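Me: Could we go through this structure together, beginning with the ligand and then turning to the sheets?
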Amino acid sequence: MLVLGIESSCDETGVALARAEGLGVPRLLSHALFSQIDMHQAYGGVVPELASRDHIRRVLPLTHQVMAEAGSSLAQVDVVAYTRGPGLAGALLVGAGVACSLAAALGRPAMGVHHLEGHLLSPFLSADPPEFPFVALLVSGGHTQLMRVDRVGSYELLGETIDDAAGEAFDKSAKLMGLPYPGGPHLSKLAEGGDSAAFKLPRPLMHSGDLDFSFAGLKTAVLTQAKKLGAELDSRKADLAASTQAAIVEVLVKKSLAAMAQTGLKRLVVAGGVGANSLLRSQLNAMCKQRGIRVHYPELHLCTDNGAMIALAAAMRLQAGLETLQHGYTFDVKPRWPLAPTVARSA
Ligand code: KG4
Ligand code: ZN
């Protein structure tokens, strides 16, 4: 079975072709990506309308590229999958519209996929794929969640951010330091030359006793610190970046370990853009090794948004018998779409 996957939820157009045989882990045949980062950088963040228009320009050339690289033709595609949500409504509509039109033209079924399910399953494409069950730490620009995953389609939310996402904390702090969008990778690079103990920044909700996160206060603390530094900020930027990164990473590591202890599971999967952060990876690796926990990551280039994870998630849902393929081509998108019901919280 050949599955074409199209991702267009934010500022990356991703297309990929995966092959699923029996119940084995699907194989990625080819994938192509166009990042709009350069275009949005001038505005300091994603401009939704520009994002949608650019997806329109990129999606078909990328699709042809993927088919050519795989040595396949569109006529061989069995299912056309697309990101149905969550994400920017206009951007999602481009991928959904193209996927459903393509499926209709080919006489094949189309299938909407949850973006976070794509991230969460993306380590299955790595050289060291996980086994179920596991705890997933989902850390992207819009989400920070800890999830118990028993099998494909079985997701239990253990905790999540009550305000900003970890990626947002990276991006907003980086912006305050005058770094380009998206700030995460830039802040992380700058932090390499800084002292992480230079500034005392808060670790919000670190000792809350639950698995929730909060990063809005950290951003405010970074702003206060930057203002205090005034003209000195330029020369202390690397220290501030290192201190900020250390605060975010420490909370993510502590809560992940707490989730492992709470569930008693011995496998942790880290997915989403912030999963590319090298300090997070090295600290998680070290702490988990001490506790006999295996950590799995997507390949670095599949941490951020891509089409491969959408093709993979569609293929794995089909293998698990979770989807009935339909040849109806009406579609909707879900800009807000929880992957799992929210955790019950006491007032
Ligand atoms: O998963 P993703 O590509 O998009 C969403 O679904 O949101 O994640 C993007 C986020 C951005 O906030 C970006 O700054 C962050 O991931 N990010 C990083 C790193 N690489 C990407 N944050 C910290 N360190 C990195 N190396
Ligand atoms: Zn994402």
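Reply: A polar contact here is a pair of N or O atoms within 3.5 Å; within protein, one must be able to donate a hydrogen and the other to accept it, and residues adjacent in sequence count only if both atoms are side-chain atoms. This is a predicted model, in which local features need pLDDT of at least 70 and side-chain atom pairs count only at pLDDT 80 or more, while totals for chains, interfaces and linings use all residues. Residues are numbered from 1 along each chain as its sequence is written, ligands are numbered from 1 in the order in which they are written, and side-chain values use heavy atoms, with hydrogens and water left out.

Me: How far is an oxygen atom of ligand 1 from a polar backbone atom of Gly 141?
Reply: The distance is 2.7 Å. A polar backbone atom of Asp 305 is 3.1 Å from an oxygen atom of ligand 1, and for a backbone N or O atom of Gly 167 the value is 3.3 Å.

Me: And how much of ligand 1 does the protein cover?
Reply: The protein covers 88% of the 550 Å² of accessible area that ligand 1 has on its own (Shrake-Rupley method, 1.4 Å probe; for residues, only the protein chains shown count as cover).

Me: Which element gives the largest share of the shell?
Reply: Helix H5 does, with three residues. Helices (H or I, at least four residues) and strands (E, at least two) are DSSP runs, numbered from the N terminus.

Me: Changing topic, what is the strand order in the open sheet that contains S9?
Reply: The order is S8-S7-S6-S9-S10, with mixed pairing; two strands pair if DSSP finds at least two bridges between them. Strands S8 (154–160) and S10 (294–296) are at the edges with a single partner strand each, so one side of each has no neighbour in the sheet.

Me: How do S9 and S10 run?
Reply: They run parallel, joined by three bridges. Arg 267 has Arg 294 in S10 as its bridge partner.

Me: Which helix lies across S6, S9 and S10?
Reply: Helix H9 (residues 278–290) does, at about 175° to S9. Contact means heavy atoms within 4.5 Å; axes are lines fitted to C-alpha atoms, for helices over the stretch in contact, and angles run from 0 to 180 degrees between N-to-C directions.

Me: What about the sheet with S1?
Reply: That open sheet of five strands has the order S3-S2-S1-S4-S5, again with mixed pairing. Four bridges join S1 (residues 2–7) to S4 (residues 79–85), and Ile 6 stands opposite Tyr 82 in S4.
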